[in-house]
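Subject: Structure for you to look at

Dear colleague,

I am passing on the structure we spoke about, and below it you will find notes on a few residues and their partners. Please read them with the model open beside you.

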Amino acid sequence: GENCVDKNTIIETDNGKKAIGELCENGGKDIKVASYNEFENKIEFKEILKYHDNLSDQDEWYEIELEDGTTLRLTGNHRVYLPEKHCYRKEQL
């Protein structure tokens with residue numbers, strides 16, 4: 001499967017908080033999403049590079065709870081940035 005986040009995941013955009021699925025339905029046009037610039041240690045708004053909606057039933061999903069209580073649902077091969085370790089890791093450790 002692909003590196004995916006569940007379509008109901010709410011993300012910060014330059015136009016408020018939106019579900020990823022909503023952005024994909026609109027083609028991701030004219031909207032930027034919050035992205036972490038690890039080299040400059042800051043949040044930037046960037047254009048969506050690509051998206052897809054072709055997950056198979058075989059994709060395994062994992063839930064990760066962030067410090068602020070936000071829950072992410074993503075596939076096991078999706079990389080997550082760990083600021084304390086200054087690296088990206090996959091859920092399948």
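N37 is buried, with a relative accessible area of 13%, where buried means under 20% relative accessible area, exposed means over 50%, and partly exposed is what falls in between (1.4 Å probe, protein chains only). Please keep in mind that this is a predicted model, in which local features need pLDDT of at least 70 and side-chain atom pairs count only at pLDDT 80 or more, while totals for chains, interfaces and linings use all residues. Residues are numbered from 1 along each chain as its sequence is written, and side-chain values use heavy atoms, with hydrogens and water left out.

N37 belongs to strand β3, which covers residues 32–37; helices (H or I, at least four residues) and strands (E, at least two) are DSSP runs, numbered from the N terminus. Its side chain reaches the backbone nitrogen of F39 at 3.0 Å, and the side chain of N37 also makes a polar contact of 3.1 Å with the side chain of E44. A polar contact here is a pair of N or O atoms within 3.5 Å; within protein, one must be able to donate a hydrogen and the other to accept it, and residues adjacent in sequence count only if both atoms are side-chain atoms. When neighbours within four places in sequence are set aside, N37 is in contact (heavy atoms within 4.5 Å) with K42 and E44.

**Salt bridges**

How many salt bridges does a search of the whole structure find? The search finds four, a salt bridge being a side-chain nitrogen of Lys or Arg within 4 Å of a carboxyl oxygen of Asp or Glu. One of them joins K46 to E44, with the closest N and O atoms 3.5 Å apart, and salt bridges that share partners join E40, K42, E44 and K46 into one network. E44 counts as buried at 19% relative accessibility, whereas K42 is partly exposed at 38% and K46 is partly exposed at 42%.

Another salt bridge brings together the side chains of D6 and R73, at 2.9 Å from N to O. D6 lies in the segment before β1 and R73 in strand β6, so this pair ties together parts that are 67 residues apart in sequence. D6 counts as buried at 15% relative accessibility, while R73 is partly exposed, with a relative accessible area of 32%.

**Two threonines**

T13 sits in strand β1, residues 10–13, and counts as buried because its relative accessibility is 2%. A polar atom of its side chain lies 2.9 Å from the backbone nitrogen of N15, and a polar atom of the T13 side chain lies 2.5 Å from the backbone oxygen of G16. Apart from neighbours within four places in sequence, T13 is in contact with K18, L23, I31, K32, V33 and F45.

T71 is found in strand β6, residues 71–75, and counts as partly exposed at 41% relative accessibility. Its C-alpha atom is separated by 8.3 Å from that of T9, although T71 and T9 are 62 residues apart along the chain. With neighbours within four places again left aside, T71 is in contact with E63, I64 and E65.
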